[in-house]
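Opening my notebook on this one.

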Amino acid sequence: MSAPDARAVPSDEVTLPRQRSVLPGAPAPAARPVAQPRPAVPSHPVTARRVLASEWVKFRSLRSTAWTLLSAVLLMIGIGWLAGWGSNDSWADLSPQEQATFSPVDITLAGFYLAQLAVSVLGVLLVTGEYATGMVRATFAAVPRRLPVLWAKAVLFAGVSFLSMLAAAAVSFAGGQQLLDEHGIGIHDAGVVRGIVGVAGYLAAVAVLAVALGFVLRSTAGGVATMCGLLLVAPTLGLLLPKSWQHLLPYLPSNAGAAVFSAHPSADSLGAVAGSVTLGLWLLAALLAAAWTLSRRDV
Amino acid sequence: MILAEHLTKTYGTKTAVDDLSFTVRPGQVTGFLGPNGAGKSTTMRMILGLDAPTSGVVTVAGRPYREHPEPLKVVGALLEARAIHTSRSAYNHLLALATTHGISAARVHQVIDQVGLTEVAGKRAGGFSLGMGQRLGIATALLADPDTLLLDEPVNGLDPEGIRWIRGLLRGFAAEGRTVLVSSHLMSEMALTAEHVLVLGRGRLLADLPMSELLAQAASDVVLVRTPHADELARALVGIGATVSRTEVDALEVTGPTAGRIGDLACDLRLSVHGLVAKHVSLEEAFMDMTRADVEFHARAGPVPGSDGSTAPASAGNAA
């Protein structure tokens, strides 16, 4: 080590034991002289795949993530089974018309209504949690191009939501049909696969919307409130609007989603294809807004 | 090597960094010195691309930070505020960042050992003390074994042992020919760590000079002279190479000659002296003077006549 002695520094400080490379309190054996040529630390360029892997590490290393995801799964299954059991129990009370339009698929997938809330909360938190704690500065110091983080979070959470909700929907359907007893149907009946895969796809879309909103708003409260407003409040409140405006309601994300997975959607609903396209446009708009704000604003 | 050219950052009407140009060279520890709010942290965030400059550019190793394929290999940074998710463990925090660069888990364990967090690596970072949080931040900076270290107030919250460790680490880094930029609002701390210093006040560069020069400036004590013949004595003192400023009609502030030398000179010239006081200038005082001059300069409408504090350091900057 070439000691930089030439500096005008109080001499008692210059001679301090700078050979110690380990902070005091660390186990002693790791101490190695600082100035010895260090073995190179192998590293590689930042790629989309590595950022995705990094986001997976972050995702799995927060306990709150696991709990929120689990609650989405339990809501999906629990409500589906409850609805199946309840429908079977009160079947005799249904009017003949209600019995005719009864959809065994829709009823056992009803849990999506609350599951989408849990997914929204988690999606927003995956982003705003980083802003609130300051982690985001470390994240963007490692990935200063920023946008790969947006894509990685969106893809990761969409994938996780799709797979977990697909499994939850399948379990909900299977158990729900058992509880519906003679009113239940099988997996090969019309609209069943579309319903199960569709509801998982819708919840994956909700996941992406929530992540994108997190980047736009950067606030947990704001993000969650906006997701609730968009998914739960708007479709209901929209019914109070003048008739001439109500033709817009099917284009809300929740209604467009229902058009995709519901066996008996409401009368003014879009078709499955139009619903998918509408949902896709919502995602595109949200992601573009997120990308735009993310690349323009200071962290 | 960090190169900043005419960096300016404004937030609304407030100018945080004002036309800042400097070079941070490898092979030495460069101190970034200034009072709180001087723009040190903002400048560091701009170096990392976290904040975009309103105008001007800053490059690290020849390009903007964001254009490096392996950014963590180029700059390891510890930023002032904690940049850690409080619910995640120290190990997973580092692993997540390491994964973006394909850095192994073995290296993560290595830096955790190096900063002495082995025993708490699995605990959530939110429960860490200030000092432990600081160590984790330093581990983050060291992760990819970067060519440049950028540390914002690294000694905050560290115990004396930890502070000495940091100094050793920074010097070791510099001795290997790497670039080190470390900020502090404590002049005394800088004097022990840095070989070169950039002094910032109100977002402007006040001085860019070797630490030894700053110390020499500070060490040269000021002599206060009270005399009814201020004009004549001042002329004579300038004649022997002293720096003289007139503070009152009958008072001079003299830098250079000792009080004795001034007294002798006055005696030779048969000029009466009513007061002769040597004043010791501490490091902190020198630093305060430097930054205060800048504040005054801003507070008044136009340039202040004879406000040496704001012009002299600029010429020092050109020389450095």
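Entry one, the salt bridge. I looked up D298(A) and found its side chain meeting that of K9(B) in a salt bridge, at 2.6 Å from N to O. I keep in mind that this is a predicted model. I then asked how many salt bridges there are between chain B and chain A. The count came back as one.

Entry two, the interface. I checked which residues touch across the two chains: 65 residues of chain B are in contact with 56 residues of chain A. Together chain B and chain A bury about 5,200 Å² between them. Of that area, 58% is on carbon and sulfur atoms.

I went looking for nonpolar patches and noted one of about 490 Å², made by W81(A), L82(A), W85(A), V171(A) and L179(A). Two elements of chain A, α3 (63-89) and α8 (147-180), each give two or more residues to this patch. The largest share, three residues, comes from α3(A). I picked out V171(A), which sits in helix α8 of chain A. Its relative accessibility is 37%, so V171(A) counts as partly exposed.

How many disulfides does a search of the whole structure find over all chains? I got zero. A reminder to myself: a disulfide is a covalent bond between the sulfur atoms of two cysteines. I also looked up how open two of the cysteines are. C228(A) is partly exposed, because its relative accessible area is 22%. C267(B) has a relative accessible area of 57%, so I logged C267(B) as exposed.

How values were computed: Residues are numbered from 1 along each chain as its sequence is written. Chains are lettered from A and ligands numbered from 1 in the order in which they are written. This is a predicted model: local features need pLDDT of at least 70, side-chain atom pairs count only at pLDDT 80 or more; totals for chains, interfaces and linings use all residues. Side-chain values use heavy atoms; hydrogens and water are left out. Patches are made of residues with over 30% relative accessible area and no salt bridge: like charges are joined within 9 Å, nonpolar side chains (Val, Leu, Ile, Met, Phe, Trp, Tyr) within 5 Å. Accessible areas come from the Shrake-Rupley method with a 1.4 Å probe; for residues, only the protein chains shown count as cover. A salt bridge is a side-chain nitrogen of Lys or Arg within 4 Å of a carboxyl oxygen of Asp or Glu. Helices (H or I, at least four residues) and strands (E, at least two) are DSSP runs, numbered from the N terminus. Buried means under 20% relative accessible area, exposed over 50%, partly exposed in between (1.4 Å probe, protein chains only). A disulfide is a pair of cysteine sulfur atoms within 2.5 Å. Contact means heavy atoms within 4.5 Å. Buried area is the accessible area (1.4 Å probe) that two parts lose on being put together, summed over both.
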